[in-house]
Amino acid sequence: MRKVLHSPSMLVALVALVLALAGTGYAAGLAKNSVGTPQLKNGAVTTVKLAPAASARIAGLTYRSVTVTADPHMGGPLRVPCPTGLTAIGGGAETSHALNAYLLDSHPTNGKTWEVSVANDGDAPEQITAWAVCAKVDGGAPKAAMSAGHMSAHHFELPR
């Protein structure tokens, strides 16, 4: 046991532990919300320095949705376009009956549109809503703009 305590690797590990605990103690000692607007210089925080999600939040988010009724044992893609100048950064689908409707896939298609593939495995029609989270992104949206009113759904039969 004595040899272990005197080994160089154990010494390095102990020093690292002490430094880590000291840093945590210093951070815990800072008052809540002690860094705010008065402590920041003008122009110190820019959207380039922020994470993409924070940058999108500052630029403002817009939510778009499309609702369809899926026939029994049918499915297909739903496309939700973002308004001109905004980029699709997220999306998904929802339904009131989670046991019969399924989300098969969710992804951006061309930067302007979010697409979800859904299926209704039940014996009754299901209302399914697809949605997109749209935001202004540095560099702008792709040149090809889809009309904000264009939404589509293609159906395919599910195997029994």
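The model is predicted; local features need pLDDT of at least 70, side-chain atom pairs count only at pLDDT 80 or more, and totals for chains, interfaces and linings use all residues. Residues are numbered from 1 along each chain as its sequence is written, and side-chain values use heavy atoms, with hydrogens and water left out.

The protein chain has three helices and seven strands. Both kinds of element are DSSP runs, numbered from the N terminus: helices are H or I with at least four residues, strands are E with at least two. From the N terminus on, the order is α-α-α-β-β-β-β-β-β-β. Of the 160 residues of the chain, 27% count as buried. Buried means under 20% relative accessible area, exposed means over 50%, and partly exposed lies in between (1.4 Å probe, protein chains only). The accessible surface of the chain comes to about 10800 Å², and 62% of it belongs to carbon and sulfur atoms. These areas come from the Shrake-Rupley method with a 1.4 Å probe; for residues, only the protein chains shown count as cover. Among contacts with a separation of 6 or more, 77% are between residues 24 or more positions apart. A contact means heavy atoms within 4.5 Å.

Three strands form an open sheet, in the order S1-S6-S3, with antiparallel pairing. Two strands pair if DSSP finds at least two bridges between them. S1 (61-70) and S3 (87-95) stand at the edges with a single partner strand each, so one side of each has no neighbour in the sheet. Neighbouring strands of this sheet are turned by 20 degrees against each other on average, direction ignored. The axes are lines fitted to C-alpha atoms, for helices over the stretch in contact, and angles run from 0 to 180 degrees between N-to-C directions. S1 and S6 (residues 126-135) run antiparallel and are joined by 10 bridges. Within S6, Glu126 is the bridge partner of Ala70.

A further antiparallel pairing involves S2 and S5, joined by eight bridges. Gly76 has Val118 in S5 as its bridge partner. S2 is mostly covered, with seven of its eight residues buried.

The structure holds one salt bridge, defined as a side-chain nitrogen of Lys or Arg within 4 Å of a carboxyl oxygen of Asp or Glu. Glu115 forms this contact with Arg79, and the closest N and O atoms are 2.7 Å apart. The pair links distant parts of the chain: Glu115 lies in S5 (residues 113-120) and Arg79 in S2 (residues 74-81), 36 residues apart. Glu115 counts as buried because its relative accessibility is 11%. Arg79, at 24%, counts as partly exposed.

The largest nonpolar core has 16 residues. Such a core is a set of buried Ala, Val, Leu, Ile, Met, Phe, Trp, Tyr and Cys residues joined through side-chain atoms within 4.5 Å. Leu78, Cys82, Val116, Ile128 and Ala132 have the most contacts inside this core. S1, S2, S5 and S6 each supply at least two of its residues. S6 gives the most, with four. Leaving aside neighbours within four places in sequence, Ile128 is in contact with residues including Val66, Val68, Leu78, Ala93 and Val118.

His73 is found in the loop between S1 and S2. Its phi is near 55 degrees, a positive value in a residue other than glycine. Most residues other than glycine have a negative phi. His73 is buried, with a relative accessible area of 10%.
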